[in-house]
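I opened the notebook to look up one protein model. My plan is to start with the whole chain, then go through some parts one by one.

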Amino acid sequence: MGELGEWLRTAREGRSLSLEQAAEQTRIPLSYLKALEEEDFSPFSSSLHVRGFLRTYAGSLGLDPEAAMELYAGVTTSLRRKRAASRGKASTPAAGAPPRSPAEAEEQGGRSSTLVPDLMLALAVLLLLALAGLAVYHFRLRPQVAAVPTEGPAPTPSPTPLPVFEGTDYTIDVQLDYAGHKLAVQERIDYTNVTSQTLSDLMLNVHPNHIRNAFKLTRLRVEVDGKQETAEVSQVGVTCRVQLPRELKPSERVTLYLDFQLSLPQISPSAEFSDAGFGYSKRSVSLGNWYPVVAPYRKDKGWYGLTYFPVGDPFVTEVADYRVTITATEGVVLAGTGKETRSGSVWSYEVDQARSFAFAASDRWQVTSRQVGDVTVQAYTFPGNEPAGEAVLQTAAQSLELFGELYGPYPYAEYRVAETEFAGGMEYTGLTFLGAAFYDQYDGTSRSGLIPLTAHEAAHQWFYGLVGSDQVTEPWLDEALAEYSGYLYYERMLPDDTLWWWSYAVDQWAPTGKIDYLIYEFRDNRGYSDAVYRRGAEFVRDLRQVMSDPAFFGFLKEYQRRHAYRLATSREFFSLAREFTTADLVPLQEEYFRQRVLP
Ligand SMILES: [Zn+2]
């Protein structure tokens, strides 16, 4: 233990506090406090993460948080010196080298958030693109990446699960008027300031607000220090800024009480992406990204307010705990996120550390289920589509099993797949909506679009759900991996159909160009799909070939373990890949990326 750890421990013991009591008091998980006192920063996801908790912990012990920051800076500087001395000239870790902690990597490699452009930059890029016309899309070049596989030993990631970052609690009570396509909602948000900043306001992203008259806020009260008062609110686009009655210091808590009504828009059977997950159709209602959700908070940039966009998924959320009760009408079946209990027409859901809570309802679904280990998989299917529903159930169950083996265990006890009326698939934690169009076209064989779609959406439970990413500025990061996972499903389960998969999912579209676009840069779904799914799948295929299988799969498993319940970045993706291979990844970056991610 060094000076910093000693300083913290002495102050805690001076207050006669056990680590357990300190954890209770600060609401910082015990393992993190212990790590801070031991000056072991490996469990933390970033140095921001370390500093946030360190500041809070020091403050709670009556110590000066600034002095804590100085001591921490001293520790990381001496760590860097020691590492530089022991590393000598070897600056690239060997294949299979034990991964460094991202907190250290960040200290060494600078800030990881600088790659993420803000909205202004996005708009500037849009303008540039308008000037450049279609040049980018007409840049025709087939992938010709020289694949030189490296024979790396299979890396051995540490089996210790990382502690979970403490998130926001949502308690939501819904009265669903199924026939009227309306909802009356009471939402309680218990927010703990997990940033290292003092906050004067809270930002909510209210996605339904992009549709005229869909969202009506009737009351918003804020409670701090046991006092409730009406909050001052300013809404711009889908963002809603809530002024706090007083400043909120790190680790302090605030509770918001919102009353609102939703009036659902109609979903077109040909809708895709953000227009497809929220609304009603003849046979069902879909509630995806439907409630005010606390915006992610970014170091140096503050709240991450989002902007609606019709292409891609303009949603970025942190994980949170949800308790949701939905009162529906008799005869309506619900499918939601998490553990379900039902009493008559009152449906309750509970889930911890979920990236989103979604649900759908229908007055005609048939429900089938299957057990995969500890996970119950349920399929909700319209009458007449039973064979397709059975194929979905089987594909979903096998996908969870396969991806659990490849990427790490599925963290929830339920997974539901609901047929709703649109033309694609939409992922939420523990729940997927699949478009009826795919069920209708199901021909009873594995060479039918429903099968790869089901596998793709199941893979999102890992690439989106467990490991989140910025779906606005780096949509390739979850989509390329989910899409290639669809191929991996075929490779393992349907090896005779792998060529069909490539032809169906990629080659028939002859996609070209780069994959690292912001969603705002796409003119339509075709351009988006070509880049992030199809070229994305080709990129992951080439990455696998360059790394060789043991390193590639070891890397993906460690990517899941290390970034679980966080928002990962493409820089973190590549920097971790480099810990698992000595192969040169630069040609791959040049082939598929406009911007070099790593030097
Ligand atoms: Zn997807």
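**Entry 1: the whole protein**

I call a residue buried if 20 or more other C-beta atoms lie within 10 Å of its own, exposed if 12 or fewer do, and partly exposed in between; the C-beta atoms are placed from the backbone. By that rule, buried residues make up 46% of the 599 residues in the protein. I noted that this is a predicted model: local features need pLDDT of at least 70, side-chain atom pairs count only at pLDDT 80 or more, and totals for chains, interfaces and linings use all residues. Residues are numbered from 1 along each chain as its sequence is written.

I looked up the secondary structure next. Helices (H or I, at least four residues) and strands (E, at least two) are DSSP runs, numbered from the N terminus. The protein has 16 helices and 25 strands.

Then I checked contacts, meaning two residues whose C-beta atoms, placed from the backbone, lie within 7 Å. Among contacts with a separation of 6 or more, 70% are between residues 24 or more positions apart.

**Entry 2: helix α14**

How far apart are the end C-alpha atoms of α14? I found 21 Å for this helix, residues 549–563. The expected span is 1.5 Å times one less than the number of residues. For 15 residues that should give 21 Å, so the two agree.

I listed buried residues of α14, including Phe-552, Phe-555, Leu-556 and Tyr-559. Glu-558 and His-563 are also among the buried ones. What covers them includes α8 (386–407), α13 (525–547) and α15 (570–579). Strands β24 (467–469) and β25 (566–568) are part of the cover too. Just after α14, Tyr-565 takes a positive phi of about 65 degrees.

**Entry 3: a four-stranded sheet**

Strands of a sheet pair through backbone hydrogen bonds, either parallel or antiparallel. I count two strands as paired if DSSP finds at least two bridges between them. I looked at an open sheet of four strands, with the order β9-β10-β18-β15 and antiparallel pairing. β9 (278–280) and β15 (333–336) stand at the edges with a single partner strand each, so one side of each has no neighbour in the sheet. From one strand to the next, the twist averages 15 degrees. Here axes are lines fitted to C-alpha atoms (for helices, over the stretch in contact), and angles run from 0 to 180 degrees between N-to-C directions.

β9 pairs with β10 (residues 285–287) over three bridges. Phe-278 has Leu-287 in β10 as its bridge partner.

**Entry 4: two loop residues**

Is Asn-213 buried or exposed? Asn-213 is exposed, with 9 other C-beta atoms within 10 Å. It sits in the loop between β3 (199–205) and β4 (215–224).

Ser-251 lies in the loop between β7 (239–248) and β8 (253–263). Ser-251 is not a glycine either, yet its phi is positive at about 75 degrees. I found 22 C-beta neighbours inside 10 Å, so Ser-251 counts as buried.

**Entry 5: strand β20**

Five of the seven residues of β20 (residues 375–381) are buried. Seven bridges join β20 to β19 (residues 366–372), and the two run antiparallel. Gln-371 stands opposite Thr-376. The hairpin of β19 and β20 has two residues between the strands, and Gly-373 there takes a positive phi near 60 degrees.

β20 also runs parallel to β21 (residues 414–420), joined by five bridges. Ala-379 stands opposite Val-417 in β21.
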